[in-house]
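This report concerns charged side chains and their partners. Please look over the sequence and the structure before reading on.

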Amino acid sequence: MNSEIKSKKVRLVGEKIESKVYTLKKALKIAKKLALDLVEINTKATPTICKVMNFQNFLYKLKKKKRKKNLRLTKEIRLTSYTNSHDLSFKIEHAKKFFRLKNNVKFSIFFKGRSIIYKDLGEKMLLKCIDLLSNLTKVEIPPKMDGKQMFIVLSPKQNTLKKT
């Protein structure tokens, strides 16, 4: 970048600039006149390719894109403590689709009325979900009670994301 460039002649590219070969001093003057940085793009080319750009803005956009890429959504799948096996397998398939899209999945069971007495059935259902998805996921939040709702949060394992 700027004075760290070793090449004597450079091909200059960028917005509002005629793309042609300049001496390094002339290229640095052009960049300074535009209040931008001269950044080396390709050193293997003859002459070296340099771009006139705002380097700090470029780094900011790169970090922003990386942050956005790492952001994961949490999808919720609702169950009951008495969900039958066919319905459960159907919902597990939906969860697998969410994991392929790199989303976290929250399985939740809401206890209505007196069904709160059967918390153990709800916990068994959630543990069954963990067991069925154990090869694809890791447990972020184990079975946890929150008022009349019990839930777990599963996230996809990194090594399984690359395979699918």
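## Basis of the report

The model is predicted: local features need pLDDT of at least 70, side-chain atom pairs count only at pLDDT 80 or more, and totals for chains, interfaces and linings use all residues. Residues are numbered from 1 along each chain as its sequence is written, and side-chain values use heavy atoms, leaving out hydrogens and water.

## Salt bridges

Side chains of opposite charge can pair when their charged atoms come close. A salt bridge is counted when a side-chain nitrogen of Lys or Arg lies within 4 Å of a carboxyl oxygen of Asp or Glu. By this rule there are two salt bridges.

One joins Arg78 and Glu76, at 3.8 Å from N to O. Arg78 is exposed, with a relative accessible area of 61%, and Glu76 is partly exposed at 40% (buried is under 20%, exposed over 50%, partly exposed in between, with a 1.4 Å probe and protein chains only).

The other joins Glu93 and Lys96, at 3.6 Å from N to O. Both residues belong to helix H3 (residues 85-100), three residues apart, about one turn of the helix; helices are DSSP runs of at least four residues and strands of at least two. Glu93 is partly exposed at 40%, as is Lys96 at 23%.

## Asp37

Asp37 lies in strand E3 (residues 37-42). Asp37 is buried but has no salt bridge, and Lys32, the nearest side chain of opposite charge, is 11 Å away. A polar atom of the Asp37 side chain lies 3.2 Å from the backbone nitrogen of Phe55.

Notes
Lys and Arg count as positive and Asp and Glu as negative; His and the chain ends are not counted. A polar contact is a pair of N or O atoms within 3.5 Å; within protein, one must be able to donate a hydrogen and the other to accept it, and residues adjacent in sequence count only if both atoms are side-chain atoms.
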